[in-house]
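Thanks for coming, everyone. Please look at the model on the screen.

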Amino acid sequence: MKKLFIISLTLCSLGVLAQGNKESILSNDSDYRYRVSFPAIILANIGDGGERTNTQHIELHVKRELDSKNIIGVKFATWRLFQPMGIQWWDGLLDKIDSESEFYPGYLRETGIGISYQHMLWKGLFATVEVLPQYKTYLDLNNEKIANGFKLYTSYHLGYHIAFGKKKRIFIEPQVHFQNWMIDTNTPDAFKQLDNRWKSYFLFEPNLYVGIKF
């Protein structure tokens, strides 16, 4: 888990610093108005390694360029949490994963389809807002359902679009984002006791998205 966060952060930093030239500018080629992307972090969930901490994260974005500055999209995401999402880096997030001190008595599966709006600020620099209504399923350690609930998950991103190739169809988007979930219903007591110790938001999550235009 530590390696995953370090790799993500390193890729974000190197991706931005390595593109101080014209190739970093967003392509305005009208032939490619649509794009599909996913966060590279989901590749770490392939296989059964780290089963207790495997988030089983699947996420896909389909977007359309309205013009050179404005992009709208649809987001599908599902993941499985093993501890509260509101534990911050400075709260000892990675240490708590190693010690398992804040682990749920089971898992929380969250699945949803939402919308996004991305605005290009300057060259490849962009800001994005995503709104994701989620259906929650609480499971025990034997994957038996305990309860269902609802969460409204929103995230705010700042990143850089870097396109590659002759036609600039392949791209990466290193970014950092912040998320909160002000609406969160029907949480079982055993899970709620852990959630209440922490925030209803998470700050400074690094990520790297990979995609293609078509």
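First, the term. A salt bridge here is a side-chain nitrogen of Lys or Arg within 4 Å of a carboxyl oxygen of Asp or Glu. Side chains of opposite charge can pair when their charged atoms come close.

Keep in mind that this is a predicted model. A search of the whole structure finds ten salt bridges.

Pair one is arginine 35 with glutamate 65. Their side chains meet in a salt bridge, 2.4 Å from N to O. Arginine 35 sits in strand β1, and glutamate 65 sits in strand β2. They are 30 residues apart, so this pair links distant parts of the chain. Buried or exposed? Arginine 35 is buried, at 2% relative accessible area. Glutamate 65 is buried too, also at 2%.

Next, glutamate 59 and lysine 75. Their closest N and O atoms are 4.0 Å apart. Glutamate 59 belongs to strand β2, while lysine 75 belongs to strand β3, 16 residues away. The cut-off for buried is under 20%. Glutamate 59 has 5%, so it counts as buried. Lysine 75 has 3%, so it is buried as well.

Now arginine 197 and glutamate 102. This salt bridge spans 3.0 Å, N to O. Both residues lie in loops: arginine 197 between α3 and β9, glutamate 102 between α2 and β4. They are 95 residues apart. Arginine 197 is exposed, at 51%. Glutamate 102 is buried, at 7%.

Note on methods
Residues are numbered from 1 along each chain as its sequence is written. This is a predicted model: local features need pLDDT of at least 70, side-chain atom pairs count only at pLDDT 80 or more; totals for chains, interfaces and linings use all residues. Side-chain values use heavy atoms; hydrogens and water are left out. Helices (H or I, at least four residues) and strands (E, at least two) are DSSP runs, numbered from the N terminus. Buried means under 20% relative accessible area, exposed over 50%, partly exposed in between (1.4 Å probe, protein chains only).
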